[in-house]
Amino acid sequence: MRKKKKVHATGPSPVAKNSILILDFGSQYTQLIARRIRENKVYSTIVPHNISVEQIKKIGPRGLILSGGPASVYDEKAPKCDKNIFKLGLPILGICYGQQLIGQFFGGRVKRTREREYGRAELFIDDHSDFFNGLSGNITCWMSHGDYVSVLPKGFVSIAHTLNTPNAAFASRDRKVFGVQFHPEVIHTSHGTQIISNFLYRICKCRPSWEMGSFIKQTVEQIRQLVGKDNVVCGLSGGVDSSVAAVLIHKAIGRQLRCIFVDNGLVRNREPEEIKTIFRGNFHMNLDFVNAQSRFLKRLKGVTDPEQKRKIIGEEFIRVFEEEAKKVRRVKFLAQGTLYPDVIESVSATGSPSAKIKSHHNVGGLPEVMKLKLIEPLRELFKDEVRGLAKQLGLPPEIITRQPFPGPGLAIRIVGEVSPERLKILRDADDIFVSEIRKAGLYEDVWQSFAVLLAIKSVGVMGDERTYENVIALRCVSSSDGMTADWVKLAPELLGKVSNRIINEVKGVNRVVYDISSKPPATIEWE
């Protein structure tokens with residue numbers, strides 16, 4: 001299959017005139033800064049640390065934030081911003097490395113700490129007039145630094161200190177420039193959201209205009225203008241991201257959207273029927289349902305290596321989707337549920353010095369092989385914002401609260417070969433486990449809960465007879481973002497009930513175990 005040049009049309013982007021730009025210097029907390037700003041109903045965008053003044057002027061934000069980062073300002077290749085940003089007259093807040101960069105630029109002195117300061121510290125507020133307005137007494141802050149501003153630049157004053165950091169926060173009010181050595185964006189800093197709010201509203205004079213209602217209205221209009229009279233195809237998986245993208249685009253162009261659901265035989269019980277009911281029945285959308293179970297299972301026969309499974313499933317999905325998309329007349333656009341973290345975590349997403357986290361290719365890498373423009377209406381949003389958007393669009397709870405499900409489906413929850421018989425065992429066991437988690441009122445409180453079919457059999461006794469049958473592992477984890485996770489300490493009574501039901505109701509299983517591994521060192525999925 002010959003690759004064609006990708007033509008990329010980004011999804012609608014909100015008006016940035018009432019926004020804050022975050023210059024990313026590689027901090028692990030940069031995304032948190034953006035989230036905290038949006039929680040204050042102000043739009044924020046993460047941009048490369050070396051963004052030009054001309055680009056900033058074109059965007060026209062209300063203020064700038066310089067993020068933290070792993071470098072020292074004295075490193076030979078330390079990332080620097082365009083010095084002319086300090087001549088724009090915009091309010092600027094430097095956090096950690098950002099504060100040190102400000103201190104150095106204006107003629108102050110940055111010095112190495114004797115020991116790296118990491119963790120909670122008591123912050124003594126010396127000036128409550130604007131940046132710390134509304135905060136009484138001292139607060140707890142979160143430190144993570146090896147350098148600090150030891151001598152203030154001319155025209156700057158200290159407005160807070162800790163026992164180890166005399167200039168934990170400083171200000172040059174004439175220049176509207178502020179800096180903090182601590183991290184107000186992390187939850188460990190008490191009143192961090194209030195501090196950010198003060199910067200947004202008291203110093204940058206922002207308005208609380210970032211909310212889903214205005215986003216929907218603006219995005220719908222931009223999609224209509226972008227698409228015109230052409231058609232759009234969308235790979236619909238039933239997950240919250242692709243579902244919200246599909247409903248939002250359908251709201252804009254109606255029957256010009258053609259959704260394609262590929263049933264690869266690796267989905268859970270009742271999933272295809274639920275997708276049909278929700279999107280054909282409730283939303284009256286064009287939905288092509290492709291039964292490709294035999295194709296996928298034929299290619300997976302005899303395959304046990306998990307990476308090979310993933311590769312086969314991805315390749316076959318591309319083939320099936322491309323075949324179906326060619327049947328749609330006048331199709332010019334491919335819709336995807338790409339989110340903001342996907343964009344940030346991709347290669348050179350911001351041009352920042354932060355380490356690459358992962359390569360992001362939505363819908364199995366389809367843009368690399370199809371000559372279609374991309375529509376990614378959610379690429380400016382975080383996951384929690386997408387769930388909020390889903391509610392406003394009227395998506396049912398079973399979609400909004402749906403736990404993450406791997407792209408390769410149940411194939412990577414079957415350790416070893418995938419077959420129709422093994423898929424049935426896993427589906428039925430998983431169905432029992434998830435249903436009991438729901439009955440216990442835990443489904444929305446945990447990150448993921450699912451069953452795994454192991455590649456071993458064990459000896460058992462059932463009805464006074466020896467058995468030699470399959471083993472099911474149960475996995476239930478708590479997490480905020482999936483990057484780290486801990487196993488959930490489910491009640492023994494609940495685990496006992498699930499085990500009893502699976503062994504009695506699922507033919508071919510005589511043993512159930514519970515996975516108590518955290519991530520790291522384990523991963524959430526087994527393969």
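Student: What span should H7 have, and what is the distance between its end C-alpha atoms?
Tutor: The 12 residues of H7 should span 16 Å at 1.5 Å a residue, and its end C-alpha atoms are 16 Å apart, which agrees. The expected span is 1.5 Å times one less than the number of residues. Helices are DSSP runs (H or I, at least four residues) and strands likewise (E, at least two), numbered from the N terminus. This is a predicted model: local features need pLDDT of at least 70, side-chain atom pairs count only at pLDDT 80 or more, and totals for chains, interfaces and linings use all residues. Residues are numbered from 1 along each chain as its sequence is written, and side-chain values use heavy atoms, without hydrogens and water.

Student: Which residues of H7 are buried?
Tutor: Glu-271, Pro-272, Ile-275, Ile-278 and Phe-279. Buried means under 20% relative accessible area (1.4 Å probe, protein chains only).

Student: Where do they fall, seen down the axis?
Tutor: Within an arc of 140 degrees, so the buried residues line one face of H7. The arc is taken from the directions from the helix axis to the C-beta atoms.

Student: What follows H7?
Tutor: His-284, with a positive phi near 55 degrees.

Student: New topic. What's the volume of the second largest pocket?
Tutor: About 410 Å³. A pocket is an open set of points on a 1 Å grid where a 1.4 Å probe fits, with protein on both sides within 12 Å along at least five of seven lines; lining residues have an atom within 4 Å of a point. The volume is the space filled by probe spheres set on the points, which are joined across faces, edges and corners.

Student: Which element gives the most to its lining?
Tutor: H13, with six residues.

Conventions
Buried < 20%, exposed > 50% of the residue type's maximum accessible area, 1.4 Å probe, protein only.
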